[in-house]
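Trainee: Could we go through this structure together? I would like to begin with the chain as a whole.

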Amino acid sequence: MRTSTCAAALAALVLVSVALPVAGQWIGFNPSETVPSAETFTVELVLDTEGVAVMGADVLFSFDPAVVRLDAVTEGDWFTTAPEPWFFWADAAESLPGIVHVTGSVMTTGRGGAGALAVLHFTAQAAGFSPLDFQAVSLRSPLNAPVPHTHSVGDRIVIEEAIGTEARSFGDLKALWR
């Protein structure tokens, strides 16, 4: 009877002490809400590995092409400052307007730390809101195993309508914000 109690206690201790993966790794947009003051502007796709080695990232996200146009995607400092060779590829699929696929890898041992995976270069098209919604995100370890992570939600670009310099009544101005 004493043996079974010790075995149960040992089993409980093993279950509690097993290191479960923690989703401390985070990916999102910086800034989370962009209200540009110029027609062209940039937003960063950022990653914070919280000290865990990450070898690669594969991200698919969407935006509203009626509000903003994606002009280019360039590699961010998470790749460009890596001490190892790296690979970066981005595709703003013209066949699927408003969908962007960004993927990259730091070769050999991976990399920890925080930084921009990609810099997104946009041009404002019309007044409105463009959500930046993650469709799929995958982070991989140096052993090609999935890395648990979280991502931001509710990121968006806000393009405000410019108020003209011509004389307007107060009612006309209020109508712009309804």
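Mentor: Residues 24 or more positions apart account for 77% of the contacts in the chain with a separation of 6 or more, where contact means heavy atoms within 4.5 Å. This is a predicted model, in which local features need pLDDT of at least 70 and side-chain atom pairs count only at pLDDT 80 or more, while totals for chains, interfaces and linings use all residues. Residues are numbered from 1 along each chain as its sequence is written, and side-chain values use heavy atoms, with hydrogens and water left out.

Trainee: How many helices and strands does the secondary structure come to?

Mentor: The chain has 3 helices and 12 strands. Helices (H or I, at least four residues) and strands (E, at least two) are DSSP runs, numbered from the N terminus.

Trainee: And what share of the residues is buried?

Mentor: Of the 178 residues in the chain, 34% are buried. Buried means under 20% relative accessible area, exposed over 50%, and partly exposed in between (1.4 Å probe, protein chains only).

Trainee: Which residues touch the most other members of the largest nonpolar core?

Mentor: They are Leu-45, Phe-61 and Phe-122, in a core of 34 residues. Strand β8 (residues 114-124) gives the most to this core, with 5 residues. A nonpolar core is a set of buried Ala, Val, Leu, Ile, Met, Phe, Trp, Tyr and Cys residues joined through side-chain atoms within 4.5 Å. In soluble globular proteins, nonpolar side chains tend to be buried together.

Trainee: What does Phe-61 touch?

Mentor: Leaving aside residues up to four places away in sequence, the contacts of Phe-61 include Phe-29, Ile-99, Val-100, Leu-120 and Phe-134.

Trainee: How many aromatic pairs are there in the whole structure?

Mentor: A search of the whole structure finds 7 aromatic pairs. Rings of Phe, Tyr and Trp (its six-membered ring) pair if their centres lie within 6.5 Å; planes under 30 degrees apart count as stacked, over 60 as edge-to-face and the rest as tilted. The ring centres of Phe-63 and Phe-122 are 5.6 Å apart and the planes stand at 75°, so this pair is edge-to-face.

Trainee: Where do Phe-63 and Phe-122 lie?

Mentor: Phe-63 is in the loop between β4 (56-62) and β5 (68-75) and Phe-122 is in strand β8, so the pair ties together parts that are 59 residues apart in sequence. Both Phe-63 and Phe-122 are buried. Trp-78 and Phe-79 also form an edge-to-face pair, at 5.3 Å centre to centre and 90° between the planes. Both of these residues, Trp-78 and Phe-79, are buried, and ring pairs link Trp-78, Phe-79, Trp-86 and Phe-88 into a cluster.

Trainee: What sits over the ring of Trp-78?

Mentor: The charged end of Arg-111 does, 5.8 Å from the centre of the ring. A charge sits over a ring if NZ of Lys or CZ of Arg is within 6 Å of the ring centre and within 35 degrees of the ring normal.

Trainee: Is Thr-49 buried or exposed?

Mentor: Thr-49 is buried, with a relative accessible area of 0%. Thr-49 is found in the loop between β3 (40-48) and β4, and among the residues that Thr-49 touches are Val-54, Trp-78 and Arg-111. Val-54 lies in the loop between β3 and β4 and is buried, with a relative accessible area of 0%. The contacts of Val-54 include Trp-78, Arg-111, Leu-139 and Val-147.

Trainee: Now the sheet: what is the order of the 3 strands in the open sheet?

Mentor: The order is β2-β12-β9, with mixed pairing. β2 (33-34) and β9 (128-131) stand at the edges, each with a single partner strand, so one side of each is left without a neighbour in the sheet. Two strands pair if DSSP finds at least two bridges between them. β2 and strand β12 (residues 156-159) run parallel and are joined by 2 bridges, and Thr-34 stands opposite Ile-157 in β12.

Trainee: Last topic, the backbone. Which peptide bond is cis?

Mentor: The bond from Asn-30 to Pro-31 is cis, with omega near -5°. Pro-31 is found in the loop between β1 (25-30) and β2. Glu-50 is not a glycine, yet has a positive phi of about 55°.
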